[in-house]
Structures are given as structure tokens and as C-alpha cells.
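Below is a short briefing on a single protein chain. Please read it alongside the sequence and the coordinates.

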Amino acid sequence: MAAVGLAIILALALNRAMPQFLLYFFRLAFFLPVILSPVVIGLSLVLVYGNNGLFGGFLQDIGFTVIFAMPGMVLATVFVCLPFVVRE
């Protein structure tokens, strides 16, 4: 119960103190997974974390596999499902 009260107080403080463009950014980051289809999200994760992606080559060199492994599945699931959890 204390967490709910703290969250409300923090939300009100952030809402008053933040510039308008940051509010738009957080709104976009929150609703983007809801608007996009899971296919687009999966494609973007493959493009970023694939072998020839933005971070994929570096992660592959240090021995960390994201795509087609457990971290990729967790990342995709969190990206798709977290807005529904937060909204409820």
C-alpha cells in the first residue's frame, strides 16, 4: 500500500516538473508496444541484436547471444506485455 502512495506522489511530482517534450517521449515509449504489431517488434529486435545488427556483432564477439536465445525471448515478451501490465 505504501508503494501505491509513493508512486502517486512521484507521478504528480514528475508531471509538474517535467518539460512537455519529455512527457511526449514517455507517452510514446509507453504506447509504442501497444500500437506496433509483434511482427514489427520482432523485426526491430532482429535488426538491432542480430549478427549484423547494431549491437549484435559486439555481443556475439563477447559470447553473449540475444536473438534466438532466452534473453531475446524475455526482451520481446517484456516489450510486448509490459504496457498491458502497467495500464491495469
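The structure, a predicted model, holds one aromatic pair. The rings of Y49 and F55 have centres 6.2 Å apart and planes at 35°, so the pair is tilted. Rings of Phe, Tyr and Trp (its six-membered ring) pair if their centres lie within 6.5 Å; planes under 30 degrees apart count as stacked, over 60 as edge-to-face and the rest as tilted.

**Basis**
- Local features need pLDDT of at least 70 and side-chain atom pairs count only at pLDDT 80 or more, while totals for chains, interfaces and linings use all residues.
- Residues are numbered from 1 along each chain as its sequence is written, and side-chain values use heavy atoms, leaving out hydrogens and water.

**Exposure**
- Buried means under 20% relative accessible area, exposed over 50%, and partly exposed in between (1.4 Å probe, protein chains only).
- Y49 counts as partly exposed because its relative accessibility is 24%; F55, at 42%, also counts as partly exposed.
- Of the 88 residues, 15% count as buried.

**Fold**
- The protein has five helices and zero strands; helices (H or I, at least four residues) and strands (E, at least two) are DSSP runs, numbered from the N terminus.
- V74 lies in helix 5, residues 70-87, and counts as partly exposed because its relative accessibility is 44%.

**Dimensions**
- The C-alpha trace spans about 45 × 30 × 25 Å along its principal axes.
- Residues 24 or more positions apart account for 37% of the contacts with a separation of 6 or more, where contact means heavy atoms within 4.5 Å.
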